[in-house]
Amino acid sequence: MSKSITIPAKAYARRRKQLMRMAGDDAILVLPAALERIRSRDTHYPYRQDSDLLYLTGFPEPEAVLVLVPGRKHGEVLLFCRERDAERESWDGPRFGPEGAVEAFGLDDAYPITDLDDILPGLLEGRSRVYYHFGRDQEFDLKLIGWLNRVRAMVRQGAQPPHEFLELGHLLDELRLFKDRDEIRMMQRAADISVLAHEAAMRAARPGVHEYQLQAELERVFRQHDAEPAYSSIVGAGSNACVLHYRANNAQARDGDLVLVDAGAEYRGYAADITRTFPVGGRFSKEQRALHDLVGAAQAASLAQARAGIPYEAGHVAAVETLTEGLLKLGLLKGRLEKNLADGSYKRFYRHKTGHWLGLDVHDVGEYRIDGESRLLEPGMVFTIEPGLYVSPDDSTVDAKWRGIGIRTEDDVLVTQDGHQVLTGKLARSADEIEALMAGG
């Protein structure tokens, strides 16, 4: 993979400007960094910055707060962060410190995080609206209420406290839903790394392999290319593929099993999300291939709806129709197509939606419906298309030959001006392509 790619400082500045324009000149926006999380006793989970803070600054450290004050003469973009500390840095690595942060991230000003209590009430004063994510961090919620109360206590001296509190997500989620050029480059890199990882897992598959060994192949490739898992990798052999969020990854794959792998890399904060289902022995059985082909047809039907001006929901509707029709043909469902669609009998074999937004979070932010209607797709939106079929191993209503088969095929799709682009399109998808790859083709 070619050299590391980054998002330029001017792209972050453009996003902040856009957000401040949406918020208006009498607003203030407050965004705390993600908290560090304890895994056990005194060991921590790897730190992951809050996605909104990443989107607006790229600043990677904990114990920080971004404050945007549109129209403020002495600077609109302020960061509170940890000061330099040689002793702590010798343990935990370098910090930017306030001066370093201003320079590195193109901010107007930065202050020590310990000054937040003294400075923030003065920034709130005279602003009429506060944008903030309420309820995410209760401790910070209480601090913010405390600062507001300090401004309210000064009303007799002429202070003007904010009188409106608004959910920051209403503005920011819409911005994040539309990916800019730099974001698409990051997402393409995450997708390319994920494709290599899935190929490595397919090549490592053989009867007797453990699910965790295939997981190790995937995650080795992620790390090799300076990425990490965007979410817990799912590697389900045999009927484990029927568990949608299977996590154990400790079973052994037997000859004749399919393996469902749902795994994606995160690169510079941006997620990919791919699922492939392949035969551990390199060849699909007749029944496995029939269901795999059907899932492929449902994905193609959904993909045909992935273009600007089409309702987001249309992709799911197309996948459901294709799957239901196919299940009737194969004899897993009985009766008429219309009735099966109307009473949702397909849900026994297909329990989830056909996709989700994708970006800095694997299930990314953004409304799916506007005024009760499915929203129309627009260029710059990125989402997954992931139909599947899951036949429970103890489903006695179907022929025994189908039982215990679980299949999902998932790709990442960008809506463009003239259609769509499949970011993960380089990876083998059809049964023939998968068999060829596994045979060393």
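**Exercise 1. Find the partner of arginine 220 in its salt bridge, and describe the surroundings of the pair.**

Solution. Arginine 220 pairs with glutamate 217 in a salt bridge, and the closest N and O atoms of the two are 3.1 Å apart. The term salt bridge is used when a side-chain nitrogen of Lys or Arg lies within 4 Å of a carboxyl oxygen of Asp or Glu. This is a predicted model, in which local features need pLDDT of at least 70 and side-chain atom pairs count only at pLDDT 80 or more, while totals for chains, interfaces and linings use all residues. Residues are numbered from 1 along each chain as its sequence is written, and side-chain values use heavy atoms, with hydrogens and water left out.

Helices (H or I, at least four residues) and strands (E, at least two) are DSSP runs, numbered from the N terminus. An α-helix has 3.6 residues a turn, so residues three or four places apart point the same way.

Finally, consider accessibility, where buried means under 20% relative accessible area, exposed means over 50%, and partly exposed lies in between (1.4 Å probe, protein chains only). Arginine 220 has 42% relative accessibility and therefore counts as partly exposed, and glutamate 217, at 24%, also counts as partly exposed.

**Exercise 2. Describe how helix H8 and helix H9 pack.**

Solution. Two packed helices are described by the angle between their axes and the distance between the axes. Axes are lines fitted to C-alpha atoms, for helices over the stretch in contact, and angles run from 0 to 180 degrees between N-to-C directions. For H8 (residues 181–204) and H9 (residues 211–224), the angle is about 150° and the axes are 8 Å apart.

The second step is to name the arrangement: angles under 35 degrees count as roughly parallel, over 145 as roughly antiparallel, 65 to 115 as roughly perpendicular, and the rest as oblique. H8 and H9 are therefore roughly antiparallel to each other.

The third step is to list the residues in contact (heavy atoms within 4.5 Å). On the H8 side these include Ile193, Leu196 and Ala200, and on the H9 side they include Leu214, Glu217 and Arg220. Sorted by class, the contact of H8 with H9 has 10 nonpolar, 2 polar and 2 charged residues. Here Ala, Val, Leu, Ile, Met, Phe, Trp, Tyr, Cys and Pro count as nonpolar, Asp, Glu, Lys and Arg as charged, and the others, Gly among them, as polar.

**Exercise 3. Carry out the description of packing for H1 and H7.**

Solution. The axes of H1 and H7 come within 10 Å and cross at roughly 140°, and that angle makes H1 oblique to H7. From H1, the residues Arg15, Gln18, Leu19, Met22 and Ala23 make the contact, together with Leu171, Leu172 and Leu175 of H7. By class, this contact has 6 nonpolar, 1 polar and 1 charged residues.

Then look at H7 itself, whose buried residues are Gly169, Leu171, Leu172, Leu175, Arg176 and Leu177. Besides H1, these buried residues pack against strand S1 (27–32), helix H2 (51–56), strand S7 (129–132) and strand S8 (164–167).

**Exercise 4. Which parts of the chain does the salt bridge of aspartate 364 and arginine 176 tie together?**

Solution. The side chains of aspartate 364 and arginine 176 meet in a salt bridge with an N to O distance of 2.9 Å. Aspartate 364 lies in the loop between helix H12 (337–342) and strand S15 (369–370), and arginine 176 lies in helix H7 (residues 169–177), so the pair ties together parts that are 188 residues apart in sequence. Both aspartate 364 and arginine 176 are buried. Both also belong to a network of salt bridges that links Asp50, Asp52, Arg136, Arg176, Lys179, Asp361 and Asp364.

**Exercise 5. Where do arginine 408 and aspartate 262 lie, and are they buried or exposed?**

Solution. Arginine 408 forms a salt bridge with aspartate 262, with the closest N and O atoms 2.9 Å apart. Arginine 408 lies in strand S19 (residues 406–408) and aspartate 262 in strand S11 (residues 258–263), so this pair ties together parts that are 146 residues apart in sequence. Arginine 408 is buried, with a relative accessible area of 3%, and aspartate 262, at 7% relative accessibility, counts as buried.
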